[in-house]
Each structure stands twice: as structure tokens, then as C-alpha cells.
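Subject: Handing over the structure

Hi there,

Please open it first and keep it beside you while you read.

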Amino acid sequence: MKQFLSFVKKEFFHIFRDTRTMMIILGIPIIQMLLFGFAITTEVRNVQVAVFDPSKDISTERIINQLDASNYFHIVQMLNNPDEISTIFKKDHNINLVVVFDEKFNENLLHTGEASIQLIADATDPNQATTLSGYATSIINSYQQELLQEYKIPIQIKPEVKMLYNPQIKSAYNFVPGVMGLIFMLICAMMTSISIVREKETGTMEILLASPMKPFYIIVAKAIPYFAISIVNLTTILLLSVYVLKVPVTGSFYSLIGISLLFIMVALSLGIFISTVAQTQVAAMLVSGMGMILPVMILSGMIFPIESMPVILQWVSDIIPAKWYISAVRKLMIQGLGITAVYRELVVLLGMLVFLVFVSLKNFKTRLN
Amino acid sequence: MVAISVQNINKKYGNIQALNNISFDVQQGEIYGIIGPDGAGKTSLFRILTTLLLAESGTATVDGLDIIKDYKQIRNRIGYMPGKFSLYQDLTVEENLEFFATVFNTTIKENYDLIKDIYSQIEPFKDRRAGKLSGGMKQKLALSCALIHKPTVLFLDEPTTGVDPVSRKEFWEMLQNLKAQNITILVSTPYMDEAMLCDRIALIQEGTFLQVDTPDNIIELFTQILWAVKSKEMFRLLNDLRGYDRIKTCFTFGEVHHITVKEDLKMEDIRTYLIGKGHQDIDVYAIKPSIEDCYMQLAQKTKV
């Protein structure tokens, strides 16, 4: 036991004395949370809009004013000629939406009850195009409501869209679970594997192996400091999430902590597994960097919804631990569900943990190869 | 008592035979040197005996324990200093020593006597990080770490490579002190002059032992006539000497060339030959063979 503790102490020395790495592993969560929370956002804000309004009547003016008054849109240009509509996107790359009114808009609306508005969106970014056309539609709908009330037409159709769990459609709700998955993967898997492989590279592993120290102890002692650092990071992330990004923990706090600790252990065992395979620090970094971080970002549902991926990629995403963790965090933190809702994720993560620990232990050599 | 016993050890890396049927015994309390150039198989042999590598065939015991079956017990008893100074560069001198002491289930206090002579020299720097030590100090720390658990057998793989001559000399004095405490030492080195300081040596080349004996006996068995030759242009001299049919071998040894010659050759003959070739400041004199001369001769013989 004393052996083990002194090994853990040594590991802490390694980490604390490498101030640069230390800053990175403690700073990364903060930077990522702030980046994803503020800078990188899929929310639509201040979209530049051009308008072609041949009728120029009271209705079109009111619609234009309402669009302009919203946070989402900013009307920058009035077009005079229908030909400009098709060329405006090419001429001015900042314009993402063109609103085109019918001729005699107000007249048509009042007399026939039908008038049309065309919304032309730049769909090079399809997500943004969908979102902003949705916003515009809802603004136009609300004007329609006003008209209906004004003119006392008996039948009212009132479409109502409600954004569940995330009424303001804040992207932080999506990113907080994703960033958690990413950071634990990065710190636990990458740092653990590098620190074990470093001992192989510098030759200290040779002495350790030729000593009575049990290989199992070496591995566990390597993992403990990163486990501790991950807990610090978990705290930072949750604090930033609740107090800075205003994403509250709506579900069971303890279940969230519990599943986070489980995921941290999965990531640690993954790091240990990588270290049993990789021979150099560079290899360990590449495997954990390229092999872990990218799939976590792309296939875990952090950025792109898994449901809309091809089936094969959906299968691949199943073997990525972060996918299950992120899904569980969404349920626990955002949707406010209890532990019973994440049994599946819990079981899968536990299974992965057992598998990785087993494989690493089997793979860890008590000799040099 | 036999401390290390090796029988017919073979080790291959792919197609390269790193160790070829190696057998030898080391007595307890003996300093046994494995002498040979880089790539001769010294490190492989050390790793096999320290239970870090498995041999393809052959058996060996360390302290009477089988290197495969009883590897765990062996790891409790041996001290090992690998070729690279394998210390934690970011830990201080004292932290390194303390760490290795606890790894071996002991404390610095308990075995301080054993390392006192060595450690006291670096103790003034005990708060300095190991990475900031000089080569000689690093080596002393590494030896202290390898000794801290009072091993019965000490494996030192090229302990003096990259260390200054003064520290090398001190280091060998330390080994003599350890020997006096009945610790068996297996040491490898590419430096032939260090061979003289061993009780017995094995000359190794390309995985094969050329000869095993005491250094004195090995030198005694050198039967050739050995002369040293020098002149102003050493490189041309080497080629000229090698081109002379009555000279058997010619090798560079620092500032002079060592030659072995046929019995009927006189020093004057060489002088005349070299003057004829236009050499100046020629000096030829008889010398006593060193281990290196013996090694070169044996290595030459096996190659032919």
C-alpha cells in the first residue's frame, strides 16, 4: 500500500511540475465551455435581410417593421428590381435571406384573403437556412393573427410551436453535455496514455518492471491523478454551465455526478488500453487525439444528430463511449429525467468499462516485448 | 556459491541472432564484466537476466531462482541500472531515491549504510531535480537507486557510457566497495580499460562469447608480437602498414597504431619501409598487450 501511495504521489509531482500541461488540462474545460457557449453557436441572430416590396402598402410595411424589430433579422437592403433577387446572394455574401412580397399585397389579402410572401434563404448552411426561415414564418404568422383579430374573421388558426426543454433554443443546452464528453475523453484517455507511454520511452518502465511493484498497481496509480483532475474539471464545467451559460441541472444531481464518474473511469481505462498498444508518446497522442477526439466530436451526437446519420455510422457511433454519456447527460441535466431513464446508457458504459479493464490487464506486459 | 548461472541462452530479433548459445557462471561476490562493442548483445543479455525479456531457448538462474518461473522473486532481489539513466528528470534527487526505496518496500534510512559512500557525494544537491544533474552525478544517483534495497545481485548495463573519466574512475572504486560487501556485480562496458578492473570478463561479439577468463589470463594468452607505431601522417600510415605483407594486423589505438607482426620482422625493417614511403617522425616500440588488443585479435580470428 505504501508502495502504491508513493507512486500516486510521484504521479502528482509529474503533473504539478509540468506547469504548461497543468494549465492546459485545467484551462481546456473553461475555454471550451466559453467557446461553445458563446462563440460557436447555431443560434440565428442579426441575419442580414434584403426585401423586394413592389406593393409598398400598409401590410408589407408592418411585416417589414416587425422583421426588423426582432433580434433575429436586420433589414439592410430594399431591392427595386425583381432581377436583383437572384443576383443579390452572389453580390453580397452577408445576406442570408430575401423576403419577396406579391404585387398588391394588401389588396389581395383583404379582398381574396390570400397573399403570398416568398422567403428565399441561402441554404449553403442548411441548418441556419431552416432555422431562419422558421423564424421569419413565425413572425409573418403572428402578423396574420393580428389581422384576423382586427378584421374579426370568425375562424382563427393559431399554429403554436413550443421548444421543449430549451424554450429559448439556446445552443449551450446541446453543447454542455458534448463538451463534458469531449473533455473527459481528452484529459483521461489522452493524458493517461501519454504518461504511461512516457515511462516506456524514457526507460523508467524498465526499472519499474524489474522491481517488485505489481504492474496492476502501476496502472491504477497512473490513473488516479487524472481521475482527481477530472473531478476538478467536472466541477468547473458544472459551475460554468449553471452560472455563466445558465444551463441548469434540472434532473437528479447525484445521478449526473454518478454517471460522470463512471464515464471518467471508462475514459481512463481507454487511455490505459491505448498505452498498452502504443510504444511512443507521439503514437499515443495520435491514437487518442485522432482516434478519440474526432469521433467524439462527430459521431457522438454532440454536433450532428445521430438519427440523421447513415445506418452504418449509427452503428459505429454505438461503440463510442461518449455517445452514451452525452445522451445520458442530456436526459439527466437538460430533460430533467431521473436515473431510471438512463439505465441503458449506464449498462452500456459499465460494460465498456469492464471490457476495457479486462483487455488492458490482459494486454499489459510484465516484460518488455 | 554461484550467483548467476546461464545455460545456452539464445535470443533472436527477426533474422538477427542477438545472443547465440551463451553460457557462463558468475560466483557470488564477483565483479563479472561483459565486454564488447555496441550491438554485441550486452543489453539483451541483461534484460533476459533481469526477467524483462524472454529468451528463445536456454535456461538461467539468478541467486538460485529460475528467471522464468521465479521471476517475481528475482525482481525483489536484484538491482538493475539500465543503459539509459532511467530516473525521473522532474523529481529531485531525494524524491527519486525515496520513490525507489518505497517501490522496493524499504526506506532510505534502513539501507543508508550501503549507499552512504555514493549518496553522500550527491546529498548536497538533494533538492535539485535529477534532470539538472551532471552525467556523473546522475550516474551516482542511479546507482544509489539501484542499491537502495540491498540487492544480492547488481546488474549494471553500460553504467559509465557518457560519463567523464574522473567519474568513471570513482564509479569503479565504488563497485570495489560493493564487492567487499559480498554483492555480486554483472557489469557491461564498451570500454576495454575498465575490463582490467573486473574479476573475470567475457568478451562478446555479435552475440557470441569469444573468451571467458580473468583479464590477466586473457592477456597472458596473447602470444603475438605487439608494437606501437606512429608518424606525422597517421591516416596514411594506417594504410601503408596494412599494405605491408609482413604485418599481420594493424589497428588504431588513440594516438598510435598497434601492429602484430610475423616473427622474423625487425623494427628496423618497418622503419626503412616507412621512410621509403615518405613518412616523417617515425616511432616504433614494443608494448604490452591490453584487453583491447586481445579483443581485436579474437574478433579477427572468429571473423576469418
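This is a predicted model: local features need pLDDT of at least 70, side-chain atom pairs count only at pLDDT 80 or more; totals for chains, interfaces and linings use all residues.

**Chain A overall**

Chain A holds 14 helices and 4 strands. Along the principal axes, its C-alpha atoms fill a box of roughly 95 × 45 × 40 Å. Of the 369 residues in chain A, 36% are buried. If you take the contacts in chain A between residues at least 6 apart in sequence, 77% of them join residues at least 24 apart.

**The strands around β3 of chain A**

Strand β1 of chain A (residues 47–52) runs parallel to β3(A), and 5 bridges join the two. Here you will find Val51(A) opposite Val99(A) of β3(A). β3(A) is also joined to strand β4 of chain A (residues 117–121), this time antiparallel, again through 5 bridges. In that pairing, Val98(A) has Ile120(A) of β4(A) as its bridge partner.

**Two helices of chain A**

Next, have a look at helix α11(A), which covers residues 281–299. Its 19 residues should span 27 Å at 1.5 Å a residue, and the end C-alpha atoms lie 26 Å apart, which agrees. Which residues of α11(A) are buried? They are Ala284(A), Val287(A), Ser288(A), Met292(A), Val296(A) and Leu299(A). After α11(A) comes Gly301(A), which has a positive phi near 85°.

The other helix is α13 of chain A (residues 321–334), where you will find Tyr325(A). Is Tyr325(A) buried or exposed? Tyr325(A) is buried, because 29 other C-beta atoms lie within 10 Å, and the cut-off for a buried residue is 20 or more. Beyond its neighbours within four places in sequence, Tyr325(A) is in contact with Gly181(A), Ile259(A), Phe263(A) and Leu349(A). For a sense of distance across the chain, compare Tyr325(A) with Val100(A): they are 225 residues apart along the chain, and their C-alpha atoms are separated by 45 Å.

**The sheet in chain B**

Now please turn to chain B, where 6 strands form an open sheet in the order β6-β7-β8-β3-β9-β10, with mixed pairing. At the edges are β6 (78–81) and β10 (208–213) of chain B, each of which pairs on one side only. On average, neighbouring strands of this sheet are turned by 15° against each other, direction ignored.

Within the sheet, strand β3 of chain B (residues 31–35) and strand β8 of chain B (residues 184–189) run parallel, joined by 5 bridges. One pair to look for there is Ile35(B) with its bridge partner Thr189(B) in β8(B).

Helix α5 of chain B (residues 135–147) packs on the sheet, where it touches β6 and β7 (153–157) of chain B. The direction of α5(B) makes about 160° with that of β6(B). Another helix, α6 of chain B (residues 165–180), lies across β3, β7 and β8 of chain B and runs at about 155° to β8(B).

I hope you enjoy exploring it!

Best wishes

Key:
Residues are numbered from 1 along each chain as its sequence is written. Chains are lettered from A and ligands numbered from 1 in the order in which they are written. A residue is buried if 20 or more other C-beta atoms lie within 10 Å of its own, exposed if 12 or fewer, and partly exposed in between; C-beta atoms are placed from the backbone. Two residues are in contact if their C-beta atoms, placed from the backbone, lie within 7 Å. Two strands pair if DSSP finds at least two bridges between them. Axes are lines fitted to C-alpha atoms, for helices over the stretch in contact, and angles run from 0 to 180 degrees between N-to-C directions. The expected span of a helix is 1.5 Å times one less than its number of residues.
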